Number of protein chains: 2
Amino acid sequence: MTASALPMTVPAPGLPARVRIHEVGPRDGLQNESAVVPVETKAEFVRRLAGAGLTTVEATSFVHPKWVPQLADAEQLFPMVSGLPGVRLPVLVPNGRGLDRALALGAREVAVFASATESFAKANLNRTVDEALAMFEPVVTRAVEHGLRVRGYVSMCFGDPWEGAVPLAQVAGVCRRLAEMGCDELSLGDTIGVATPGHVTALLDALGEEGVPVSRLAVHFHDTYGQALSNTLAALRHGVSVVDASAGGLGGCPYAKSATGNLATEDLVWMLDGLGIETGVDLGRLTATSVWMAEQLGRPSPSRTVRALSHKE
Amino acid sequence: MTASALPMTVPAPGLPARVRIHEVGPRDGLQNESAVVPVETKAEFVRRLAGAGLTTVEATSFVHPKWVPQLADAEQLFPMVSGLPGVRLPVLVPNGRGLDRALALGAREVAVFASATESFAKANLNRTVDEALAMFEPVVTRAVEHGLRVRGYVSMCFGDPWEGAVPLAQVAGVCRRLAEMGCDELSLGDTIGVATPGHVTALLDALGEEGVPVSRLAVHFHDTYGQALSNTLAALRHGVSVVDASAGGLGGCPYAKSATGNLATEDLVWMLDGLGIETGVDLGRLTATSVWMAEQLGRPSPSRTVRALSHKE
């Protein structure tokens, strides 16, 4: 059997011609790994991702090492990869101290991590939503003053484990405020993976009504219930052209109690390749990168595309 | 954490109000299991699926026992479940002998299994596509004469492991011929899982041009590359309202070389529940059924929804 391991390209009308993938594997994917990954392995991971054609790779987080020991090597890692030509390397900054560290290393893009719900703001930041936004405001302002691009993550946009359904207007309001304070991109996070396509469309409509243009939006879906790719398709139909994904589906354990697996970049690229939507990504090189990373971590990738393609090699 | 383990219902315009799920777990799901499942377990599986609200459950195949030893108990199984009220129980019949056996037991629906490609017709039936259709014609005619509904499976509709891309007109031609000989439903199979949403839409357009109405179509996607649900969404947007799925994602091994995992019924129901599309299925009871079946088979379900919901229980 000489398997044809590529989709046939058949464009669908009304979709963007090009999608920029915001690769989150090195930061969001690795941050929950309990065994610390050597910094050289992380740097090689970022280099291989760039080599596979990814143009935006979220490299690390300048969070306090006590909170996320896995990313305590941010100061060592960032200079190892910051010279990659044509690759944007955003870094997460939780607060002003994180921004100081990012600026000191010459980072050109940062991201802040906000919540659409009070429960998660309390759990993650020990603040109310308003208090968290007030904390981020001077960080974003200062980053913008330094000429940095700033991304605002908004978590729990489609459901919250404590609150259940999250009102669309509440999410749209948080997004508008982040945009107003200077975030040039907002990443809508389905942190617990409960979204479905009609919900995606309704939230994007609500954001339009709130005055947040679709050109500033990214989507960040989790595959907890297998819904990430169909939700992405709904977002593409609505004009979204920036999609977050994690190489090999790294991030959380899809089989664990708190199942929070990120959308696998390979599963996304397969769909976009089939739709004739340009990403610049070489699926074969990306898959090989995820297979290599899975070997470093000592367990198989949960990505269906990675599993299928690597078993055919 | 009191997890809200259900999607928020937000309908999307332009989709069917109701979808009939054609559950294939007991036949397509189990047929490749190497260890023979006891007939009482199979009967209990069908009963539990019906109890979860599935109204069409493909029960077994009247194939020669030498070809599919797992389904050699068709004569014992069918009478054990054929009295379930309100449940359609189609059975696969490979040929006239199979139809005889199905008729003898009082089956009211049968299915034949055709191929869109010469390579798979040769591999699966040792016939050309034309020879296979010529073999099915008297079977379908006789079934219709007996007042049975007949479903025609068409495999390799989106790609073929030997031939690569499959021309749309070739698939549409096979479907038209099956419809003309009396099949009242055609199930479009993405046997190797390579389809993407634009391809789905293009094939449905081609079928419309060939004169096959969408009301007679079902879709049968495989999750080999994680694409089954987004392809289903594309088909729903085109008016398809019958979707094949396998409880717990049974069928083939998604992690093996010949990765051919069926779309998991639970992942499908999650999306349809979220879209407000009626199926009559109780997701909790269905998930419990797949967890039970996974215990019988001695390995976990590959369905992301089953894994997520069962870990939260």
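How many nonpolar, polar and charged residues are there in the lining of the second largest cavity? Before the answer, note that this is a predicted model, in which local features need pLDDT of at least 70, side-chain atom pairs count only at pLDDT 80 or more, and totals for chains, interfaces and linings use all residues. Residues are numbered from 1 along each chain as its sequence is written, chains are lettered from A in the order in which they are written, and side-chain values use heavy atoms, without hydrogens and water.

A cavity here is a set of points on a 1 Å grid over the protein atoms alone where a 1.4 Å probe fits but cannot get out, and its lining residues have an atom within 4 Å of a point. A search of the whole structure finds 5 cavities of 30 Å³ or more, a volume being the space filled by probe spheres set on the points. The second largest cavity holds about 80 Å³ of space, and among the residues that line it are Ala247(B), Leu250(B), Ser290(B), Met293(B) and Arg299(B). This lining divides into 7 nonpolar, 3 polar and 1 charged, where Ala, Val, Leu, Ile, Met, Phe, Trp, Tyr, Cys and Pro count as nonpolar, Asp, Glu, Lys and Arg as charged, and the others, Gly among them, as polar.

The largest cavity contains about 120 Å³ of space, and of the 13 residues that line it, the closest to its centre are Asp223(A), Gly226(A), Arg304(A), Asp223(B) and Gly226(B). Its lining has 5 nonpolar, 2 polar and 6 charged residues.

Ser290(B) also belongs to a helix contact (heavy atoms within 4.5 Å), in which Leu283(B), Leu286(B) and Thr287(B) of α11(B) take part as well, together with Thr265(B), Glu266(B), Val269(B), Trp270(B) and Asp273(B) of α10(B). Helix α10 (residues 265-274) of chain B and helix α11 (residues 283-297) of chain B pack at an angle of about 170°, with their axes 10 Å apart. The two helices, α10(B) and α11(B), are therefore roughly antiparallel to each other, a description used for angles over 145 degrees. Helices themselves are DSSP runs (H or I) of at least four residues, and axes are lines fitted to C-alpha atoms.

Definitions and conventions. Axes fitted to C-alpha atoms, helices over the stretch in contact; angles between N-to-C directions. Parallel < 35°, antiparallel > 145°, perpendicular 65-115°, else oblique. 1 Å grid on protein atoms, 1.4 Å probe; cavity = no way out; pocket = protein on both sides within 12 Å on 5 of 7 lines; lining within 4 Å.
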